[in-house]
Amino acid sequence: MEKRNQTVIKLAQTALMAALCYVSFTFLQIKIPLPGGDATSIHIGNAFCVLGALILGGWYGGLAGAIGMSIADLMDPVYITGAPKTFVLKLCIGLIVGLVAHRIAKIDESTDRKYILRWSVIASAAGLGFNVIADPLVGYFYKQYILGQPQQMAEVLAKWGAAATFVNAVVSVVLVGVLYNALRPVLLRSGLIHGVKAKA
């Protein structure tokens, strides 16, 4: 029963993080129109995908980002065709962040605040660094070969997408570093996440 309750709590937390991803992308973005009716945007949606992976683990955090951001794409006529690409990339971001933070650094087993801060930032940078490279590359092939856009148009969109993705990554790494390290002690005390509690 205890394990079942933990699964239900994790699913509820995943749904909450997915909602935060959706809201932050949909309502807190600066959309940049591009040729051909396309667009890119400056947003903090990825930050909540990464935050979810740090709090819940890579799989649940990645799933939250994938679901929340894909729904946001589906609700926007400009981004609707990119929803499948978004789902895969956001899931990968979460899995990479979870791998670095929880499997390699094992931040759940540490009470050293500097260690946790350092590795949460490194994990965030790893996941979002992957996205900076993968998003424009996958976007280029997706738009040219799946959506049938001309090569020159796909190249222009990929370049603008890369620039916006880089800005989003830098902002998100800083934001996640602050948010996670502020929230972690509170979540541990409340029992909403598991880990080693620092001694008072």
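These notes go through a predicted model point by point.

1. Basis. Because the model is predicted, local features need pLDDT of at least 70 and side-chain atom pairs count only at pLDDT 80 or more, while totals for chains, interfaces and linings use all residues. Residues are numbered from 1 along each chain as its sequence is written, and side-chain values use heavy atoms, with hydrogens and water left out.

2. Salt bridges. Side chains of opposite charge can pair when their charged atoms come close. A salt bridge here is a side-chain nitrogen of Lys or Arg within 4 Å of a carboxyl oxygen of Asp or Glu. The whole structure holds two salt bridges.

3. Lysine 31 and aspartate 76. In this salt bridge the closest N and O atoms are 2.6 Å apart. Lysine 31 is in strand E1 (residues 30–33) and aspartate 76 is in the loop between H3 and H4, so the pair ties together parts that are 45 residues apart in sequence. Helices (H or I, at least four residues) and strands (E, at least two) are DSSP runs, numbered from the N terminus. Lysine 31 is partly exposed at 35% relative accessibility, whereas aspartate 76 is buried at 12%. Buried means under 20% relative accessible area, exposed over 50%, and partly exposed in between (1.4 Å probe, protein chains only).

4. Lysine 85 and aspartate 135. Here the closest N and O atoms of the salt bridge are 3.2 Å apart. Lysine 85 belongs to helix H4 and aspartate 135 to helix H5, so the pair ties together parts that are 50 residues apart in sequence. Lysine 85 is buried, at 14% relative accessibility, and aspartate 135 is buried at 15%.

5. The largest pocket. Its volume is about 540 Å³. Of the 35 lining residues, Ala39, Thr40, Tyr79, Lys85 and Asp135 are the closest to the centre. A pocket is an open set of points on a 1 Å grid over the protein atoms alone, where a 1.4 Å probe fits, with protein on both sides within 12 Å along at least five of seven lines; lining residues have an atom within 4 Å of a point. Grid points are joined across faces, edges and corners, and the volume is the space filled by probe spheres set on the points.

6. The pocket lining. At least two lining residues come from each of strand E2 (39–42), helix H3 (58–74), helix H4 (83–104), H5 and helix H6 (151–190). By type, the lining has 16 nonpolar, 13 polar and six charged residues. Ala, Val, Leu, Ile, Met, Phe, Trp, Tyr, Cys and Pro count as nonpolar, Asp, Glu, Lys and Arg as charged, and the others, Gly among them, as polar.

7. A nonpolar surface patch. Ile133, Leu137, Val138, Phe141, Tyr145, Ile146 and Leu147 make up this patch, with about 710 Å² of accessible area together. Patch residues have over 30% relative accessible area and no salt bridge, and nonpolar side chains (Val, Leu, Ile, Met, Phe, Trp, Tyr) are joined within 5 Å. Accessible areas come from the Shrake-Rupley method with a 1.4 Å probe, and for residues only the protein chains shown count as cover. Leucine 137 sits in helix H5 (residues 113–146) and is partly exposed at 48% relative accessibility.

8. Lysine 106. Most residues other than glycine have a negative phi. Lysine 106 has a positive phi, near 50°. This lysine 106 is in the loop between H4 and H5.

Conventions
Patches are made of residues with over 30% relative accessible area and no salt bridge: like charges are joined within 9 Å, nonpolar side chains (Val, Leu, Ile, Met, Phe, Trp, Tyr) within 5 Å.
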